[in-house]
Amino acid sequence: MPSSNWGSSFVAPLVAVTLLAACAPSAPEGKRHAAVSSALTAEDRLAACEQDPRVIAGLVTREICAGADIFFRETFEGNGRTCGSCHPVENNFTIDIPFIDALIDINPFDPLFVYEQEPELNDLELYELKTLGLIRENIDGFDDLDGKYVMRGVQHTLSLATTIAPDPAQEGEGMPLERTGWSGDGAPGSGSLRDFLTGAVTQHLPKDLSRKPGVSFRLPTEQELDLALAYQLSLGRLNELNLERVKLTDPDANEGRLAFLDPQRGRCNVCHSNAGANHLDTGRNRNLDTGARKAPATGDSPGAFDGGFGGAGLPAPNIDVLGRNILDGYGDGTFNTPPLIEAADTPPFFHSNAFGNTIEGAISFYTGPQFKQSPAARELEARFGTPIQFPNADISKMGRFLRVLNAAFNLDLAKQRLQAARVLARQFHDTRDDVQKRLMELAEVEIDDALEVLTVVGTPLHSVSHYRLQQAKTEIAAALSAAGWSARESRISIALLRVQNARDQFGTNITFQLGQGNLMY
């Protein structure tokens, strides 16, 4: 229905869209979604989305809206899980131990834990899910369920549009079309993000471990694949920064930016150009062996140790993963590069969750023996003539730099959601005010993330911003309890001013273009 038919004076009730409104509490910071019957077709979802106020207002396309509904609510006739089970919007589209612990307390029967409830799914996951936040992945195929699997953390799905284009130097016959998953080969078939959904359903959503389509689950339709892809590509940011132009007001954070860029200090910008996921030479995502595969094996169960990219089809282990002179894994030891702008509030780090819960701990990895003895380190040494080496002082400074970038991203997401809530209040008044309120709640989640990211040991990082963000939270609380749209809209406007004032403290030229998918949940 065209938006011109729905002006700010519209007062008739919208058609109830239960599939977009169904939510059930499951964690203190947010809500888990009620699963939707697979009898709903993609066309059903598109039709329902035409009645969604975000679509009517022109904030989100109906395709992105329908793709989000598939992502968060479609079970594909499987075990009750959805994509959102492991990629919840209220936890940066990933799961970690604090989130899992909260979920256990609130809802121990959440589909995330279905392997504990259904005997035929006992081996779907292992104890490391609850203790280390690691999920079981048969990344190299399902031919040996007991011996050919690895344990990996859950990557967030933010900013995929900027991260998955493969480096031309690593393209060719048999190579995936896009770099997905920790090793760049997370998707079946062509290896595209579009195909990733099929692999995720097969891996994580089956009713039994035979994984037979039509029995253990149903496969996504072509239209569902297209819609889910549209949604995923609209998440997070759609652009890269230019760190040469960025200037930060915190002196140590700005010095951390210079260390990050300096080829004789951090050298980070070579593999994480502009704090993204792409290589400096090509602007595309490159697989590298950084030695992270030699992480402590705490999370590795009796399956294969994680050999990274390229283990599919191999009949026997082919790589010494841990450096013990034992062939104990499948692959070539390489993993693809994740973005850093989103990193500070998406710990723990690396594919095995083995390198700490702070961004400074992740930076410290590059001063340790695993990295210094790796092929990636030797490549940098050949390029610049000396081994990588930077002082401990640079670790904290680069940490502050990445924290400011992450907090700026958080606050832009908060602003985007608050602005959308304000538009909806002005246009629809109290009709479907549940959408307005949920957007405000998710804006507050991002403000809390920013506050956490800006909390560092030692010299406070932007104390004025902390104060302004607390004021914004007060306004959001008042907006959520306001009696009527006018009072709610007024409080939202004040909250937006507080968030912008906090954001203004960080510096200049930290400019993100955000996707429409951030308004869906």
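Trainee: Why are helix 17 and helix 18 called roughly antiparallel to each other?

Mentor: The model is predicted; local features need pLDDT of at least 70, side-chain atom pairs count only at pLDDT 80 or more, and totals for chains, interfaces and linings use all residues. Residues are numbered from 1 along each chain as its sequence is written, and side-chain values use heavy atoms, without hydrogens or water. Helix 17 (residues 463–481) and helix 18 (residues 485–504) pack at about 165°, axes 8 Å apart. Angles over 145 degrees count as roughly antiparallel. Therefore helix 17 and helix 18 are roughly antiparallel.

Trainee: What makes the crossing of helix 17 and helix 18 left-handed or right-handed?

Mentor: A crossing is left-handed if the near helix is turned anticlockwise from the far one by less than a right angle, right-handed if clockwise. Helix 17 passes helix 18 in a left-handed crossing.

Trainee: Which helix gives the most to the lining of the second largest pocket?

Mentor: Helix 16, with 5 residues. Lining residues have an atom within 4 Å of a pocket point. The lining has 27 residues; Asp-96, Pro-98, Asp-345, Pro-347 and Glu-452 lie nearest the centre. The lining divides into 11 nonpolar, 8 polar and 8 charged.

Notes
Axes fitted to C-alpha atoms, helices over the stretch in contact; angles between N-to-C directions. Helix = DSSP H or I, 4+ residues; strand = E, 2+ residues; numbered from the N terminus. Parallel < 35°, antiparallel > 145°, perpendicular 65-115°, else oblique. 1 Å grid on protein atoms, 1.4 Å probe; cavity = no way out; pocket = protein on both sides within 12 Å on 5 of 7 lines; lining within 4 Å. Nonpolar A, V, L, I, M, F, W, Y, C, P; charged D, E, K, R; others polar.
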